[in-house]
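Morning, everyone. Please have a look at the screen, and then I will walk through it.

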Amino acid sequence: MEEYIGGLWDKLITRVAYQGYPEARVELAQMKNIAATFFRALGGDPGINLQSGSASTHGARRGWLERIAGIGEKAELTWSDETTLHLPASIDYFPERELNRELYLWLLALVAHDVTPEASHLRRNQSATKSLLNAFPSLQERYARLVHATLARRPDPTKLKKQEAENELLIRQALLEPGSVLSDLKKVGRKDFNVVPVILWLHSPSNSNAKSGRPASKLTPEQAQGSAAQTDSEQRKRMAERTDMPDNPSPFMLLFRAESLFSWAEYVKVNRPLDEDDNPDAQRAANDFDVLSVANDGKSTASRIRFDLDLPAEADDDLLLADGILYPEWHYKKQKLLEKHACVQMLLARDAEARTLPAHLRSTAKRLRQQFQSLTPERQRLRGQLSGDDIDIDACVRFSAERRGVSSGANRHGIAVASPGLYLDNRQQSRDLACLLLADLSMSTDTWVNNQARVIDVIRDSLYLLCEALAATRDRFALYGFSSVRRDNVRFHLLKGFDEKYNDQIRGRLAHIKPGFYTRMGAAIRHASAILQQQKNSRRLLLILTDGKPNDLDQYEGRYGIEDTRVAIHAARQLGLIPFCVTIDEKAEDYLPHLFGAKGYIVVKNAAELPQLLPRLYAQLTQE
């Protein structure tokens, strides 16, 4: 009974003390359809992803009701790093829903014009606001409306202590006249500036990784894979910093026994791929911290040995067709191409024996062959040709009548009648098309789609059925697969060349494909583009099949891999190729629009449906 009454009291006091307007709340999920487009249209970095961030402690004075309810200590603000723009998960700051929506758009525009991110909090936001309003004067009215509503919600300077009141007056002046305040906020006590956060401004976390100057430590493959697999149920991004592993505690602590005290201010082992026991309180602990400190203890020898053992010996590896094919790589921080940086090795399956089509695909393949035969080139009888195999009698009669002025009398006025085509010709109407399919064979394809098949099995079946369909159309096509182990070992597997006929030998190579290593996609796309460029067809389609974003053991991770892949795709388009991506990655919407554009990719929600979808997709892409 006491717990029930306590729960009711907690709900009541929290609802009364809460300073927001839940009935006017706007969710970030509701804005995502237009947020990315709006952000990039106003000059935002196209490589930045939009995601909800975590709340941070602001240190401002709270009202007595908030202190009783235990709320109001943290606020969700807007901040960004080199890869992600972190916005509040929801905004209910204003009583009008339209103002909360306008606030989302204003924050997006402000980040796009954040010209001095390293400046102090007050100067940075003034510069960003002034730059935005100068670039888009039409936003002046919106900004004035937001400022008026914000000032109405901020504390009255006459009711604050002296230093707090001075800071509040500076903030109000900076909001009303951006760029007019040249001084910084004054420290009040030990924690920050003790002022209510300005919802119209960008947050400047003092302990973020961007300002710590500490380089990010490199993770082992297991750590990288494990961190990617751990999903936050709230889908939030948290501020973090890289730190060194702490030394052993002072020996004087041995004199103090505090088993009854519990604290989250400790370093906890989170190498989950090596420890099957999840920490059930990890989510609550993360919510309690403003900044998560991450350290690498350096104990990764076993991980490195495991991955080194996965590398095949030369005698057991695939046949090396070509070695040392060098390609450039884009370094997005230096904004330049690193010449001859990535090395591609052409490989062919050593022990691939000729095989027939698997039994479980034969009925589907037969149906696809019948459907795709309609795309097969046929001989057509063309009329009105200037030369041909036979005379077009109808065309000759019409031409003779026109010359005598029977049909229109045009010849009476001295107008010459042009000689039309008077012949019939039989010609083979061909689809002038070449398609190169590039399949991702990285180790992530070893994961299971369902209880019956892995991702690599789904990809193999998709390639089988696509080949059966394309063989029926007589289109020229080639198949390659790729994976990588750092920049000097980009493995490029030949599955079917343009000049090879699809037969049991090719089916044997497809049956031999297996999960490889990592996904250095930029180098693979450049080599595939070079092969496809040599084809003389008028239309050349580069079809990329993948299950995740670019990554590798070295720095080819995150923004680096994304930007290099984007540059490689842009180079392919400049060569006249048509890149298109098919992915089964559930998070592909975060980065594929930046790589391929809004209409340059498709996300297959159910990976098991890929074998049936891929041939139909090819038919749609190659329609005249």
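Where in the protein chain is confidence lowest, and where is it highest? Lowest is helix α9 (residues 221-229), with a mean of 34. Highest is helix α16 (residues 521-533), at 97. The score here is pLDDT, the predictor's confidence in each residue, from 0 to 100. Helices are DSSP runs of H or I with at least four residues, strands are runs of E with at least two, and both are numbered from the N terminus.

Some ground rules. This is a predicted model, where local features need pLDDT of at least 70 and side-chain atom pairs count only at pLDDT 80 or more, while totals for chains, interfaces and linings use all residues. Residues are numbered from 1 along each chain as its sequence is written, and side-chain values use heavy atoms, with hydrogens and water left out.

Back to confidence. The chain's mean pLDDT is 81. Of its residues, 77% reach 70 or more. Two stretches need care. Residues 207-234 have pLDDT below 50. That stretch still has 46 contacts in the model beyond near neighbours in sequence. A contact means heavy atoms within 4.5 Å. Residues 251-265 also stay under 50. For them the model has 8 contacts beyond four places in sequence.

Now the overall picture. The chain has 19 helices and 21 strands. There are 624 residues, and 44% of them are buried. Buried means under 20% relative accessible area, exposed means over 50%, and partly exposed is in between, with a 1.4 Å probe and protein chains only. Take contacts with a separation of 6 or more: 72% of these join residues 24 or more positions apart.

On to salt bridges. The count is 21. The criterion is a side-chain nitrogen of Lys or Arg within 4 Å of a carboxyl oxygen of Asp or Glu.

Take arginine 25 and aspartate 92. Their side chains meet in a salt bridge, 2.9 Å from N to O. Arginine 25 sits in the loop between α1 (2-17) and β1 (26-27), and aspartate 92 in the loop between β7 (90-91) and α4 (97-112), so the pair ties together parts 67 residues apart in sequence. Arginine 25 is partly exposed at 29%. Aspartate 92 is buried at 9%.

Next, arginine 142 and glutamate 102. The closest N and O atoms in this salt bridge are 3.6 Å apart. Arginine 142 is in helix α6 (residues 140-153) and glutamate 102 is in helix α4, 40 residues apart. Glutamate 102 is buried, at 8%.

Then arginine 123 and aspartate 184, with a salt bridge of 3.5 Å, N to O. Arginine 123 belongs to helix α5 (residues 121-135) and aspartate 184 to the loop between α7 (162-176) and α8 (209-212), so parts 61 residues apart in sequence are tied together. Arginine 123 is partly exposed at 41%. Aspartate 184 is partly exposed too, at 37%. Elsewhere, shared partners join Glu329, Arg520, Asp552 and Asp554 into one salt-bridge network.

On a 1 Å grid over the protein atoms alone, a cavity is a set of points where a 1.4 Å probe fits but cannot get out; a pocket is an open set with protein on both sides within 12 Å along at least five of seven lines; lining residues have an atom within 4 Å of a point. Points are joined across faces, edges and corners, and a volume is the space filled by probe spheres set on them.

How many cavities of 30 Å³ or more are there? The count is 1. The largest cavity holds about 50 Å³. Its lining is Phe38, Glu102, Leu105, Trp106, Ala109, Leu139, Arg142 and Leu146. Helix α4 gives the most, with 4 residues. By class, the lining has 6 nonpolar, no polar and 2 charged residues. Nonpolar covers Ala, Val, Leu, Ile, Met, Phe, Trp, Tyr, Cys and Pro; charged covers Asp, Glu, Lys and Arg; the others, Gly among them, are polar.

Last, the second largest pocket. Its volume is about 1300 Å³. It has 42 lining residues, with Gln19, His58, Glu66, Gly72 and Tyr93 nearest its centre. The lining divides into 20 nonpolar, 8 polar and 14 charged.
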